[in-house]
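Reader: I have a structure to discuss with you. May I put a few questions to you about its fold and its ligand?
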Amino acid sequence: MSDFEHVFQEPPPGAAADWTIPQDWEAYTAVEHQTWDTLYARQMTILPGRAADAFMNGLKALDLNTGGIPDFSVMNPKLQALTGWTVVCVPGLVPDAVFFDHLANKRFPSGQFIRKPDQLDYLQEPDIFHDVFGHVPMLTDPDFAAYMQAYGQGGQRAASLGMLAHLARLYWYTVEFGLMETAKGLRIYGAGIVSSATESVFAVEDPSPNRIGFDLERVMRTLYRIDDFQQVYFVIPSIEALKDETLKDFAPVYERLKGTTDIAIDAVLPTDRVFTRGTQAYAARGGRF
Ligand code: PHE
Ligand code: FE
């Protein structure tokens, strides 16, 4: 490990050895609380009929709309009673090993800050709205919570096998940008979608993106973009099915993947179960909303 990397593996001043910092809820300003309320109210006009029941039920169970940014000392006991998870604050993105260790111990690391009023629609770094509104409702679902914990355990292993890039794609296309097949149609469960007003509509209704049935190895081979709406979404049959598919031993999966090439973000393969063959018109005209 180089000295350069070493510096960035140390928690910043004021953070604990596990990179956590106090939420310091009293310090949020009225404007910051208002930002939460605005974002929350806007998503509630969009998500019913688009988000999965597990997400909507989790949101209700956690009571995240009592006025302003949730106070973790109030929210955590409710979450903990349901699945044993808690949410901790971190200063920003943390090293992979730190992230995996938190998940493996049923702690979800959340950014402490909230976006500025002129960044309601887009920001690069995850803030507390993305992390808490987007991620935490799904952690009230026992199967999803088990999946996230197993992901943390699997992360260390993937790192030691040199397969972290492949495992990261699984996270991206499920935890962040996953869709689910339900009797009522496709529904969102991915945090990157439910925390975005524009992508919540795009992901389920726009004719541009491909929507393809979840297949573990297919997903792990697929590239992704971090700077714009996705060009492909993967559809799981249920959270339980996702959990069952990922609790199996990945060692043989990783062995097979080593002999494969990456798949382009707009590819549709003959073996894909296609829900929607996208036009890709949005990406073709340059994207970015
Ligand atoms: N089953 C995986 C392994 O053997 C771990 C894992 C579980 C990864 C769930 C992601 C999600 O490495
Ligand atoms: Fe996220």
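Author: The questions below go from the overall fold to particular strands, helices and the ligand shell. Please keep in mind that this is a predicted model.

Reader: How many helices and strands does the chain have?
Author: The chain contains 14 helices and 7 strands. Its C-alpha atoms fill a box of roughly 55 × 45 × 35 Å along the principal axes.

Reader: What does the radius of gyration say about the chain?
Author: A compact globule with 289 residues would have a radius of gyration near 19 Å, and the chain agrees because its own value is 19 Å. Of the 289 residues, 37% count as buried. Among contacts between residues at least 6 apart in sequence, 67% join residues at least 24 apart.

Reader: Which residues have the most contacts inside the largest nonpolar core?
Author: They are Phe 55, Leu 139, Phe 144 and Ile 188, in a core of 60 residues. The largest share of this core comes from helix H7, residues 142–160, with 6 residues.

Reader: What does Ile 188 touch?
Author: Leaving aside residues up to four places away in sequence, Ile 188 touches Arg 50, Ala 51, Ala 52, Leu 179, Ile 193, Val 194, Ser 200, Ala 203 and Val 204.

Reader: Let us turn to the strands. Do S3 and S4 run parallel or antiparallel?
Author: Strand S3 (residues 179–182) and strand S4 (residues 185–188) run antiparallel, joined by 4 bridges. They form a hairpin with 2 residues between them. Within this pair, Thr 182 of S3 stands opposite Gly 185 in S4.

Reader: And which way does S3 run with S6, parallel or antiparallel?
Author: S3 and strand S6 (residues 232–236) run parallel, with 2 bridges between them. Leu 179 has Val 235 as its bridge partner in S6.

Reader: What about S5 and S6, and how many bridges do they have?
Author: Strand S5, residues 210–213, pairs with S6 in the parallel sense over 4 bridges. Here Ile 212 has Phe 234 as its bridge partner in S6. S6 is mostly covered, with 4 of its 5 residues buried.

Reader: Moving on to helix H8, which of its residues are buried?
Author: In H8, residues 164–176, the buried residues are His 166, Leu 167, Arg 169, Leu 170, Trp 172, Tyr 173, Thr 174, Val 175 and Glu 176.

Reader: What do those buried residues of H8 pack against?
Author: They pack against H7, helix H9 (191–194), helix H11 (216–220), S6, H12 and H13.

Reader: Now the ligand. Which residues are around ligand 1?
Author: The shell consists of Tyr 147, Ala 150, Tyr 151, Gly 154, Arg 157, Leu 170, Thr 246, Leu 247, Lys 248, Asp 249 and Phe 250. One of these, Leu 170, is also among the buried residues of H8.

Reader: Which helix gives the largest share of that shell?
Author: H7 does, with 5 residues. H7 and helix H12 (239–247) each supply at least two residues.

Reader: How does the shell divide by class?
Author: The shell around ligand 1 has 6 nonpolar, 2 polar and 3 charged residues.

Reader: One last topic: why does Ala 264 count as exposed?
Author: Ala 264 counts as exposed because it has 11 C-beta neighbours inside 10 Å, and the cut-off for exposed is 12 or fewer. Ala 264 is found in the loop between helix H13 (251–257) and strand S7 (274–276).

Reader: What separates the C-alpha atoms of Ala 264 and Leu 223?
Author: These C-alpha atoms are separated by 5.8 Å, although the two residues are 41 residues apart along the chain.

Notes. Residues numbered from 1 in each chain as written. Chains lettered and ligands numbered in written order. Predicted model: local features only at pLDDT ≥ 70, side-chain atom pairs only at ≥ 80, totals over all residues. Core = buried A, V, L, I, M, F, W, Y, C linked by C-beta atoms within 7 Å. Buried ≥ 20, exposed ≤ 12 C-beta atoms within 10 Å, placed from the backbone. Contact = placed C-beta atoms within 7 Å. Pairing = 2+ DSSP bridges. Near = placed C-beta within 6 Å. Nonpolar A, V, L, I, M, F, W, Y, C, P; charged D, E, K, R; others polar. Rg over C-alpha atoms; globule rule 2.2 N^0.38 Å.
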